[in-house]
Amino acid sequence: MVSSPRAVRPATRLVDGLVHAYAPHAGAVGALSPVAAFRPLPGDEAVGHAVAADLGRAHYTTLDAAVCVGADGAQLWRSRFEPEADEVFGHRPGCELSPDGRVLWVYRPDAMAGRGRPDQWVAVDAATGTVLARADLETVGHGAVQRAHPASGQVLLNVGEGQDGSVIHRASLTGGRIELARYPWDDRCLIDLSPDGHRFLTVDHAQNDLAVHAFPDGDVLFTRTAADFGHDPDTVFLEWSGGHLSADTVVATLVGQDEDEEDWFRHYRLDARTGRVHGEFDARTTDPYDIHPLGDGSWLTTGPDGHPVRHTDA
């Protein structure tokens with residue numbers, strides 16, 4: 001199934017138990033007010049979430065289900081994970097909508113949930129909750145990062161296995177089945193996809209380097225270590241954060257300690273095509289992870305109330 005991009009899907013945050021949706025691409029700068037808010041059903045604790053572009057419904061995952069609710073809070077469908085989890089901690093199911101809003105991709109960390117089986121990746125009809133296809137993953141993950149390609153219908157999935165590493169898969173929904181490919185690494189963490197879908201960014205699980213890869217094959221276009229940013233690679237490391245500020249620019253995050261053993265971090269810009277380092281970048285945040293590039297030259301951080309703040313260089 002090939003997705004045709006529609007309206008830009010809103011950004012979402014879980015704040016005070018509600019799934020909030022924001023429209024950062026509308027041009028507003030500064031603290032963003034939600035354009036919609038969805039309350040999970042009584043007894044549900046959302047751990048993953050996505051909101052449709054038309055703001056008519058929200059999808060979320062709990063430890064035992066994927067759920068869809070309407071703007072009025074009514075349940076539209078529920079897809080249960082059977083059997084119920086034996087474990088409460090150490091596993092976080094997640095979800096990602098396709099760009100056209102038709103398919104909800106659900107990652108199920110079944111092994112860590114105590115379901116006696118490997119993890120699953122499930123394609124669900126976003127309108128009805130019907131399972132369209134599922135694939136078994138040879139992973140024992142705690143959680144995952146999913147990134148939908150803007151045009152091809154393919155999705156990237158990065159399963160984090162804790163100390164055992166990180167596994168990245170690519171999939172598409174074709175003829176009622178999931179066509180699954182696993183990249184040949186167990187030591188790279190997916191950070192993001194470029195907004196034009198031509199490249200994706202990973203960071204070494206041991207934080208020794210970052211790499212920009214061609215999509216979809218994963219060929220490495222370039223790598224950068226701390227030394228390329230003017231730091232000692234024995235004491236300074238790449239953090240698992242950053243991403244594509246635009247189609248042309250990547251933001252990298254470096255972390256280290258000063259002479260007083262105080263932690264520090266810095267963000268840098270580099271050319272997404274050549275890897276040339278352009279210099280430091282002020283992301284206006286006090287947390288190395290609190291940066292969400294939007295791909296249009298702007299990025300989100302988190303305000304004191306938990307809602308996002310949109311920044312631009314201007």
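Analyst: Before we begin, strands here are DSSP runs of at least two residues, numbered from the N terminus. The model is a predicted one.

User: Which strands each supply at least two residues of the lining of the second largest cavity?

Analyst: The second largest cavity has a volume of about 30 Å³, and its lining is made up of L201, V203, L210, L238, E239, S241, V251, A252 and T253. By class, that lining has 6 nonpolar, 2 polar and 1 charged residues. The strands that each supply at least two residues of the lining are β18 (199–204), β21 and β22 (249–257).

User: How do the residues of the lining of the second largest pocket divide into nonpolar, polar and charged?

Analyst: This pocket has a volume of about 220 Å³, and of the 13 residues that line it, the closest to its centre are G43, D44, T62, L63 and D64. With Asp counted as charged, Leu as nonpolar and Gly as polar, the lining of the second largest pocket divides into 4 nonpolar, 2 polar and 7 charged.

User: What is the pair of F281 and W299, and how many residues apart in sequence are the parts that the pair ties together?

Analyst: The rings of F281 and W299 have their centres 4.8 Å apart and their planes at 70°, so the pair is edge-to-face. F281 is buried, as is W299. Because F281 lies in strand β24 (residues 277–281) and W299 in strand β26 (residues 298–302), the parts tied together by the pair are apart in sequence by 18 residues.

User: Is T312 buried or exposed, and with which residues is T312 in contact, leaving aside its neighbours within four places in sequence?

Analyst: T312 is found in strand β27 (residues 308–312). Its relative accessibility is 19%, and buried means under 20%, so T312 counts as buried. Leaving aside neighbours within four places in sequence, the residues in contact with T312 are V29, R284, G297, S298 and W299.

Methods
Residues are numbered from 1 along each chain as its sequence is written. This is a predicted model: local features need pLDDT of at least 70, side-chain atom pairs count only at pLDDT 80 or more; totals for chains, interfaces and linings use all residues. Side-chain values use heavy atoms; hydrogens and water are left out. On a 1 Å grid over the protein atoms alone, a cavity is a set of points where a 1.4 Å probe fits but cannot get out, and a pocket is an open set with protein on both sides within 12 Å along at least five of seven lines; lining residues have an atom within 4 Å of a point. Grid points are joined across faces, edges and corners, and a volume is the space filled by probe spheres set on the points. Rings of Phe, Tyr and Trp (its six-membered ring) pair if their centres lie within 6.5 Å; planes under 30 degrees apart count as stacked, over 60 as edge-to-face and the rest as tilted. Helices (H or I, at least four residues) and strands (E, at least two) are DSSP runs, numbered from the N terminus. Buried means under 20% relative accessible area, exposed over 50%, partly exposed in between (1.4 Å probe, protein chains only). Contact means heavy atoms within 4.5 Å.
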